[in-house]
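Here is a briefing on one chain. Look over the sequence and the model first, then read the points below.

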Amino acid sequence: MTDNPFFEAWTTPFGLPPFDRIRPEHFPPAFERAMAENVAEIEAIAGQSEPPTFANTVEALERSSRLLNRVSSVFYNLTSSNTSDALEAIARDVAPKLAQHHMRVWLDPTLFARVEELHGKRDTLGLDTDQMRLLERLHLGFIRSGAALGADAKARMTALSERLATLHTLFNQNVLHAEKDWQLVLEEGDLAGLPAFARAAAAQAAKERGAEGKYVVTLARSSVEPFLTFSTRRDLRQRLYTAWTERGGQPGEHDNTPLIGEILALRAEQATLLGYATYADYRLDDTMAKDTLAVERLLLQVWEPAKRKAAEEREELQAQARAEGLNDSIAPWDWRYYAEKVRQAKYDLDEAEVKPYFVLANMVRAAFDTAGRLFGLRFEERPGCPVYHPDVRVYEVLDSAGDHVGVFLHDNFARANKRSGAWMSSFRDQENFDGAVSPIILNNNNFARGEPTLLSFDEAETLFHEFGHGLHGLLSKVRYPSQSGTSVRRDFVEFPSQVYEHWMSAPETLRTYAVHHQTGEPIPEPLLNRLLAARTFNQGFATVEYTAAALLDMAFHTLPDPAGLDVPAFEREVTGRIGLPAEIAVRHRPPHFQHLFAGGGYAAGYYAYLWAEVLDADGFEAFQEAGDLFDPTLAAGLKAIYSAGDTRDPMELYTAFRGSEPKIEPLLKVRGLVEA
Ligand SMILES: [Zn+2]
């Protein structure tokens with residue numbers, strides 16, 4: 001194939017991928033050539049006659065794998081945001097091959113011998129701090145992949161990685177299939193209770209699915225939650241809730257349940273080969289938390305207070321339900337509905353009254369302007385750049401001097417061919433090693449499109465959250481690509497994203513950007529005050545559903561021998577043991593818990609959000625104590641964290657900003673789990 005865009009230099013604006021020319025059939029030969037090139041690079045590094053130096057080994061590795069990174073980043077961004085049957089088939093085929101390729105590199109004995117030798121004399125090499133950390137983490141990466149094992153164990157590690165890559169891919173595709181497959185098609189008469197924005201979104205979803213004139217509720221969170229919150233039809237709420245919480249686990253060829261058992265067994269075997277008692281011990285060894293004990297201590301510190309708060313909330317909801325004539329205990333599909341009623345009664349706050357003030361375009365501007373005030377960044381839209389879908393908006397990011405920082409892509413709407421959730425990713429990472437390379441960062445959300453698109457308070461928070469990850473990528477100022485942006489420890493990576501959420505809910509922000517989409521009036525001060533007063537409302541529920549998921553994750557991954565596990569029975573056993581209230585489900589049930597099973601990234605790592613929340617609640621308090629949410633000194637300290645990537649230890653970075661280690665009290669206060 002001569003016209004494969006991956007085999008050319010890209011002359012597009014900012015070096016964006018030439019999406020208009022990339023077709024699915026370009027990927028298999030591109031992956032093949034990229035892996036072959038990488039093998040040749042590795043052989044050249046490992047096989048050279050020169051003794052190992054930092055330059056000819058570590059830096060040479062940093063310089064390798066360019067084509068593979070380019071092909072992979074385009075491919076996996078497309079399979080996440082704009083997939084197709086053709087891409088899904090390639091993903092299934094390429095996943096085990098890539099896993100095998102990576103293991104071939106990590107388990108190369110000659111290469112490892114060079115890294116081992118350098119690591120042994122690292123103190124004599126005259127390395128800078130970032131170089132020292134790079135070498136130490138590279139060495140650790142080899143050890144943790146199995147480079148120090150015997151030949152048989154290495155072969156087994158490779159086989160396990162290949163199989164896991166296939167299972168992760170299948171798991172992800174099954175969830176996508178389940179979400180595409182199911183929809184609730186409604187008539188006008190079925191919409192009782194739904195406010196205008198939810199009706200409009202359901203009409204739009206119907207139109208996109210060829211059912212014009214009807215209304216469709218899908219399994220996207222942005223579609224499900226408004227229906228569960230407002231629909232007076234208990235029967236429909238139950239049907240939707242059941243489909244939503246059981247997605248991915250329906251018996252048949254797309255059932256994820258058997259995959260989970262196999263994934264857990266293979267991970268446990270990997271951990272055993274590497275000398276750990278359980279997979280969680282293996283994973284946590286390379287985190288801020290360091291061990292399962294620290295994680296469990298944190299989770300239990302919030303679990304009991306959260307359960308107590310949820311029990312109080314439940315009483316209020318039950319009383320409300322009784323008052324409205326429900327002669328039954330409230331069920332899980334009732335929680336959001338009655339919570340909204342209680343919220344309205346207690347805080348005189350109506351989600352449908354709030355939402356018209358949260359116009360997507362204004363909230364995007366709020367996110368951009370906040371980055372301007374904190375970090376001196378400017379976002380200028382650049383229409384006409386190549387994109388993979390017309391929904392995507394492209395912005396050039398400039399610093400206060402007007403110099404180019406990077407490119408930011410924003411893809412905000414739910415689509416049938418996009419996976420659920422919200423996430424940040426990149427097409428190119430910042431580095432400054434062989435000349436400056438600027439980042440190309442992407443944010444995906446799954447908002448229901450409207451005219452205009454209106455967000456809930458939570459969705460506006462999600463927008464800021466992902467944008468915080470985006471800034472972590474954009475502000476990166478590191479030398480080596482493998483230390484760039486978000487490539488930090490898993491339980492630190494949520495700090496830059498979560499701390500940024502605090503600026504969304506700051507009164508200063510809301511007074512300026514929460515403007516009514518019809519009248520143009522800013523949010524009335526009494527409504528704003530009620531909105532902020534209600535922030536800790538229903539936090540018992542939110543903390544319980546999250547923490548239960550994190551405890552379930554830890555339970556799965558601390559099993560020493562999960563082979564043959566009955567996953568549904570185990571889930572029941574764990575939720576029973578921890579005392580999960582019957583009216584609340586874990587936030588992600590196992591058959592669609594993509595954090596754990598669509599890849600290894602958050603396996604034994606779902607706690608990371610709460611871990612980082614200790615830091616972000618404590619960190620934001622610094623700005624409040626200063627009495628200025630844009631305090632220049634603190635902002636500069638925060639910017640240093642966003643810029644440092646993985647060049648320094650995360651706790652060192654944090655304490656340099658805050659002046660001390662974080663305390664848990666601010667988190668408990670933010671969630672309303674202790675008296676403020
Ligand atoms: Zn995040």
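**Chain overview**

The accessible surface of the chain comes to about 26,900 Å², and carbon and sulfur atoms hold 50% of that. Areas come from the Shrake-Rupley method with a 1.4 Å probe; for residues, only the protein chains shown count as cover. This is a predicted model: local features need pLDDT of at least 70, side-chain atom pairs count only at pLDDT 80 or more, and totals for chains, interfaces and linings use all residues. Residues are numbered from 1 along each chain as its sequence is written, and side-chain values use heavy atoms, with hydrogens and water left out.

**Fold**

- The chain has 27 helices and nine strands (DSSP runs numbered from the N terminus: helices are H or I, at least four residues; strands are E, at least two).
- Buried residues make up 59% of the 676 residues (buried is under 20% relative accessible area, exposed over 50%, partly exposed in between).

**Zinc site**

- His465 (NE2), His469 (NE2) and Glu494 (OE) coordinate the zinc ion at 2.1 Å (donors are N, O and S atoms within 2.8 Å of the metal, or 3.2 Å for Na, K and Ca; water is not among the atoms, so sites may look incomplete).
- His465 lies in helix α17 (residues 457–474) and Glu494 in helix α18 (residues 494–504), so the pair ties together parts 29 residues apart in sequence.
- His465 counts as buried at 9% relative accessibility; Glu494 counts as buried at 2%.

**Glu583**

- Glu583 sits in the loop between α22 (567–578) and α23 (594–597).
- At 11% relative accessibility, Glu583 counts as buried.

Conventions. Buried means under 20% relative accessible area, exposed over 50%, partly exposed in between (1.4 Å probe, protein chains only).
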